[in-house]
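Hi everyone, thanks for coming.

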Amino acid sequence: MPPVESSELIELQIGAVANGGWCVARHEGRVVFVRHTLPGERVRARVTQETKHFLRADAVEIIEASPDRVQAPCPFAGPGRCGGCDWQHASLPAQRRLKAEVVQEQLRRLAGVERDVVVEEVPGAPDGLGWRTRVQFAVRRDGVIGLRKHRSHQIEPIDECLIAHPQVEALGIERKRWPGATGVEAIASAGTGDRLAVLSSRGRARVPRMDAPVRLVSGKREDKPPFVREEAAGRLWQVSGSGFWQVHPGAAETLAAAVLDTLQPRKGDIAVDLYCGAGLFAGVLGEAVGPDGLVVGIESEGQAVRDARFNLRDLPHVSVERGEVEKVLDEIQFGRGKSTLNHADLVVLDPPRTGAGRDVVKRVAELAGRRIAYVSCDPATLARDLAFFSEYGWTLSALRAFDAFPMTQHVECVATLVKG
């Protein structure tokens with residue numbers, strides 16, 4: 001089979017959606033993963049990469065359009081442009097259907113689970129825009145700021161990001177020069193109005209005058225890094241610097257409620273929160289199990305542990321341990337008075353995009369007694385780990401999916417696991 005030139009245009013009939021913001025087509029017997037298109041469309045696509053097994057391509061001309069196609073609201077979206085959004089050319093209902101199909105396909109292929117999925121709207125962004133409260137901007141060597149192109153280190157200069165929250169845009173970061181910087185993360189709290197810019201630099205960077213109140217910190221470690229306050233689940237949360245927090249203004253509240261609904265905690269329960277970050281799930285579980293219960297959070301990042309301990313200081317029956325999850329699970333003893341316990345009634349885990357993996361799954365399966373809530377931002381690693389759980393006697397009993405990242409291919413899931 002002759003090689004395909006990376007700039008060659010090919011005509012394609014587009015098939016199903018695939019994980020990662022692609023749709024699938026075939027060209028001369030080979031699979032083609034195509035961006036900027038929708039299932040059922042006929043397009044001309046420019047090949048961007050060829051491997052031994054498949055091609056990658058961008059749809060640059062729509063010959064027959066899907067009824068779900070809309071005009072992308074952002075002028076920087078499209079083939080060869082900003083890589084931050086995957087589905088700006090699809091209506092919001094279509095985006096959620098596509099994400100549901102991806103979750104279903106990953107569950108079927110990787111976990112052997114057949115399940116209908118509905119992706120639920122997260123309150124706070126009815127038009128799919130203005131929701132992202134944390135944006136990582138890249139900086140060119142000349143100080144111009146922008147966002148990276150898809151699968152590239154190249155930077156697309158922008159003067160506005162339409163999915164960024166208005167409080168992020170109020171910082172005016174895109175409209176300034178950042179000589180000497182390699183990146184600027186803009187952070188805003190939709191609930192409290194706190195704002196922060198975290199500056200990464202090659203060395204000495206010049207910080208432009210800002211029009212809004214903002215604290216600036218270099219990439220080096222500081223004893224007391226600046227923080228923003230977040231509101232969720234009836235509590236105030238401190239999140240320092242670039243610490244993890246849900247980027248959609250309604251996501252933390254929505255996911256906390258979903259986890260409680262999944263785990264159904266009782267007074268006096270013992271619960272464990274793995275990858276606990278600033279302590280969101282540990283906090284709501286601590287309130288639910290009450291002072292006769294016990295909650296242990298585990299987190300590897302030092303500043304997140306300090307934030308979580310500060311955030312949960314009013315709940316003496318909630319503790320936070322620092323370390324890699326698998327190591328801490330091997331070492332930790334859950335104590336109540338003079339008793340030593342080696343089990344938990346409930347476990348919630350919210351791992352990074354790479355998932356928990358077999359070792360952690362095995363330890364959780366042995367530790368948990370009644371229910372497990374698995375929060376995931378990646379359907380593929382979720383499905384893989386659900387297959388591992390099934391090997392240890394845990395079954396998927398329910399799954400909810402949330403559109404916490406409109407205009408992108410990302411979707412947040414909360415899986416309920418029970419024994420048997």
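Let's begin with Asp-350, which counts as buried because its relative accessibility is 13%; buried means under 20% relative accessible area, exposed means over 50%, and partly exposed is in between, using a 1.4 Å probe and protein chains only. Before we go on, this is a predicted model, where local features need pLDDT of at least 70, side-chain atom pairs count only at pLDDT 80 or more, and totals for chains, interfaces and linings use all residues. Residues are numbered from 1 along each chain as its sequence is written, and side-chain values use heavy atoms, leaving out hydrogens and water.

Where does Asp-350 lie? You'll find Asp-350 in the loop between β21 (344-349) and α7 (358-367); helices (H or I, at least four residues) and strands (E, at least two) are DSSP runs, numbered from the N terminus. Among the residues Asp-350 touches are Gln-246, Tyr-275 and Glu-412, leaving aside residues up to four places away in sequence. Contact here means heavy atoms within 4.5 Å.

Tyr-275 sits in another loop, between β16 (270-274) and α4 (280-289). With that sequence cut-off again, the contacts of Tyr-275 include Glu-299 and Asp-350. An unreviewed UniProt entry lists Gln-246, Tyr-275, Glu-299 and Asp-350 under "binding site". UniProt positions follow the numbering used here, feature names are shortened, and annotations may be inferred rather than shown by experiment.

Now for the nonpolar core: a set of buried Ala, Val, Leu, Ile, Met, Phe, Trp, Tyr and Cys residues joined through side-chain atoms within 4.5 Å. The largest has 69 residues, and Trp-245 and Val-348 are among those with the most contacts inside it. Helix α3 (residues 251-263) gives the most to this core, with seven residues.
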